[in-house]
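Please read it alongside the sequence and the coordinates.

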Amino acid sequence: MRICIRKLITPIIFSALCTMNAACTPWPIEGTGGFAERRSSVSPELSDLANRLKYAIEQGARTSYAAQTAEAELQLTRAQRTWDAGFIEDYTKNYQILEVLVRDIESHGTSTQGPRKRIN
Amino acid sequence: MKKLNPSRSKFLRISLALLVLGSMILLALSETVISIVWAQEFPSITKPYSRISNNFKIPDLRHSDPELPATIIASQVDLFTSGPETDRAVTGNFSFLPTQTPHEFTTPLPNDVKAILVDLNKPATLPTALPEEKFRFAKADITGSLSESELRIGDILTITLPGEVAFNKDFPVDRKGQLILPEAGSLVVAGMTIEKARSEIRGKLSRIYRDLERLNIVIKERRLFITVLGYVKTPGPIELSGDGTVQTAIAAAGGLTQGAQLDRIKVRRGTQELVFDYKKYLDTGDINILPELKPLDVVFVPASPRTGNVQIDFDGRTLSEAGDGAEDRSAVKIFGEVNKPGTFAYKEGATVVDIIMRAGGVSRYSSVEQIHVLNNGVPSMFNLDAYLQSGDKNILPELKQGATIFVPKQNDQLKQGSNSVFVMGEVQRPGSFELKGKTGFIDLLANAGGPTRYAETNNIRILRSDGTLASFNLPAFTEGKGSPPPEIRLGDAIFVPGKAETNEPSWLKIAPTRAVQMIGAVNRPGRVEWSDEMSILDLLSQAGGPIALADVANIQILKNQNDRAQPIKFNLEKFLSEGGAISALPKIHAGYVVNVPVLPVSPNDTKGSWARLSSDVSIYIMGQVGIPGRYAFTGNLSFLDILSAANGPTTNADIRNIRVSHRGRKGSFVSKVNLARYFETGDDTLLPKVRAGDVIFIPDRNKEWLEDRKEATIRVLGAINKPGRYRWSDDMTILDLLAEAGGPRGDALDSKILVVNFKADGEQARLFDLFSFAKTGDISKLPIVRAGDLVYVPNASQSEMKIFTDLLQTGVSAVSTGALIKTLGK
């Protein structure tokens, strides 16, 4: 009986190791950036754009150019989230769109040109 | 030598002395007589004139020596600006005409001249040597005096009597020649000298007043009452100064009117009638041509016979250009191809050339070889061309009074030739035209100015010289369909007929510049002949008024200005309900277009009727309403009106999220209407103010997710209550998404929620530990989620421990089973 038990231990341990190896399949790492607009840790250039947009809104852009301002705010949120999530290419694209929008809003005060086309 | 007797010698000496003395006395007497004579003719002025006109008269300087020159430069005439001789003297040169009396200054005098002194002791600057003694006159005093003149009608006397209020004022001599004296009554003084009048007045007043010692009567002013009638601007009685002339009288009557005949103006004085040539006076300035005016004279200015028997306003310049002939019998008439045909005054010795020149010369179309001249009914022909080339005066016919000259037209001569073609009928300039070289039908029609608007151009007829007929269709030819224009030969005639008459006048006969076009919802649209005195109300009446469905609140007027049409709008409905000034009605002029729009019958009608509704008077409603579309909208309607007109929201309408886009305002503005809350509260302030141009959208409660693109949605799978595709907005987080999907189920592995991101440079999976987040609230642990991503909520069975225990259980069972079989086998 002792021999039998000794013979069983080896497959039991082997089976347990195999089971543990199978159960320990790795999970992805935790994501970030889902609510990055509530945080201030953004890139310096994006911070500058955000300040320009904020100033334009204080000057009444939300009333005079409501659609463009809303679009800019949405782009700002996207840029902040992609930056925080480490999506560099997506961030670059969002940043460029946001820069164009902010420049358009700012230029309305001195130009009679209509809003520029959206860049996608 | 015989010695004289001493007594006789004494006698002789005495006689000689007496003779010398007598001569001296005679000489002295003669000078005294001259002085007396001049003293009578140059009486002293007792008081200064109140006014002296430019035509002030001085007494006669006539002399008896016929050898004296007719004109003397009277440098000795001094003018004094005030009474005393020590005052400023102005020496002037004035012409004296010795053979005429009375003499007048022809040089204007200063207005402030109060007296005139003629110093005849100073020798005049004479053109020739003259016997000086002829001018050695005594120093004459002042010329003429009012006090010595007879009183006339119009004179004004000043009668002063200290202490009597009724006096000390002016007393005019009225038109009856009498004065009205206070309490004493009337007294005729006209024709009396002032001294005689003083005596009469004193005698008249002495019956009423006792103390007349200080009564003083002087002439203050002389006036002239006359009447000016005829062709003057304001005929009637006028009042002139005492030295007024015909010219001042005409000026006082407003001046001459156009058509006055200047050479036959009359002055009537009682039964006497003086006719004078005022034109000659204006030409020469000779004042002697004008008759001297006297009180109650009537100046009559006759009308020129050229004014005719009908009173019309005419242009004097035009009339003048038509000739200056004042009398038909003697005037020379010229007409035909001259630049200014008319009737011209006959002058002795005038020739045909003179009259042609006065008529502005011949025109370019004149036939100067055949000028017709009619002298006393005897016709003759004058060849001006030959006269100008030869200079032979024998060719030039003598003109007589009443002659008639006719200059014919050159074309008239062409008509008789055989090298012309006639164009007749409805063309701009019918006539005969020369056919030269390759002149064709179109050339001739163009030379005739082309067809008029009334021409029937599809049946132009050509009358051949041989009597045959041909026709030509011009419109068909211009469209490239018809036959080419017929060949035109000498002697042919082109006849362009007019359009056939109809019962109603052709609308073509009302030119666009005289008509207003009325279109739209009126009973009789069409072109209406227009006059600016009419208003838009007249126009609507003429068009039979608007129909029942006419949108009279939006009448459109297309204004024609500077070749551009500008639209203006008129709200007749408002004008009819509220009234207003007629002048506020829009001004309509010929050439305008007035359109009365039609209101749609019903929204269920075809959309064609809606297309005619102007977008700026419409409101748009779309989404979950009974009849979405475009609706006519006025300022009196509200949000609920337009919602009701669209049959209200449907059962699927999301009335909590109605959106209204307010267009046409500064900036963009969308308002959100929670109609459910309005029905709960009844608060009208929740309803937006809408106006024409706004857009109302009522969304659907049931979102149709499947219509969205995969890039625009997020898939939520796994242990979730409502897995599926969800719309995503970047202002949402994963928490919103999970909430929207009903949250994880009870068997969900909420600590291992997986997010698959599709980013630009590839895909990646990230973990979200909802359980841990719920415990810590660390938002940095929220993974980024974007449209197109996948969220998977694993089941609890997919946890490591569960897998481990399951595998372990399976392994143990297997080992146990194997060991048991092996044991049993032993």
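Predicted model: local features only at pLDDT ≥ 70, side-chain atom pairs only at ≥ 80, totals over all residues.

Residues are numbered from 1 along each chain as its sequence is written, chains are lettered from A and ligands numbered from 1 in the order in which they are written, and side-chain values use heavy atoms, with hydrogens and water left out.

**Chains**

Chain A has 5 helices and 0 strands, and its elements run α-α-α-α-α from the N terminus on. Chain B has 18 helices and 42 strands. Helices (H or I, at least four residues) and strands (E, at least two) are DSSP runs, numbered from the N terminus.

The table gives burial and surface for each chain. Buried means under 20% relative accessible area, exposed over 50%, and partly exposed in between (1.4 Å probe, protein chains only). Accessible areas come from the Shrake-Rupley method with a 1.4 Å probe, and for residues only the protein chains shown count as cover.

| Chain | Residues | Buried residues | Accessible surface | Carbon and sulfur share of surface |
|---|---|---|---|---|
| Chain A | 120 residues | 34% | about 7500 Å² | 57% |
| Chain B | 826 residues | 37% | about 47400 Å² | 53% |

A contact means heavy atoms within 4.5 Å. In chain A, residues 24 or more positions apart account for 67% of the contacts with a separation of 6 or more. For chain B, 55% of the contacts between residues at least 6 apart in sequence join residues at least 24 apart.

**A helix pair in chain A**

Helix α2 (residues 44-58) and helix α5 (residues 88-107) of chain A have axes that come within 10 Å and cross at roughly 30 degrees. Axes are lines fitted to C-alpha atoms, for helices over the stretch in contact, and angles run from 0 to 180 degrees between N-to-C directions. α2(A) and α5(A) are therefore roughly parallel to each other, a label for angles under 35 degrees. The crossing of α2(A) and α5(A) is left-handed, that is, the near helix is turned anticlockwise from the far one by less than a right angle.

On the α2(A) side, the contact involves Glu45(A), Leu46(A), Leu49(A), Arg52(A), Leu53(A) and Ala56(A); among their partners in α5(A) are Tyr91(A), Tyr95(A), Leu98(A) and Glu99(A). The residues of this contact divide into 9 nonpolar, no polar and 5 charged. Here Ala, Val, Leu, Ile, Met, Phe, Trp, Tyr, Cys and Pro count as nonpolar, Asp, Glu, Lys and Arg as charged, and the others, Gly among them, as polar.

**Loop residues in chain B**

Gly591(B) sits in the loop between α12 (572-578) and β32 (593-596) of chain B. Because its relative accessibility is 18%, Gly591(B) counts as buried. Leaving aside residues up to four places away in sequence, Gly591(B) touches Pro512(B), Ala515(B), Val516(B) and Asn560(B). Arg527(B) is 64 residues from Gly591(B) along the chain, and their C-alpha atoms are separated by 9.7 Å.

Leu296(B) has a phi near 70 degrees, a positive value in a residue other than glycine. Leu296(B) belongs to the loop between α4 (278-284) and β17 (298-301) of chain B, and at 37% relative accessibility it counts as partly exposed.

Asn376(B), a residue other than glycine, has a positive phi near 50 degrees. The loop between β20 (371-375) and β21 (378-382) of chain B holds Asn376(B), which is exposed, with a relative accessible area of 55%.

Notes. Parallel < 35°, antiparallel > 145°, perpendicular 65-115°, else oblique.
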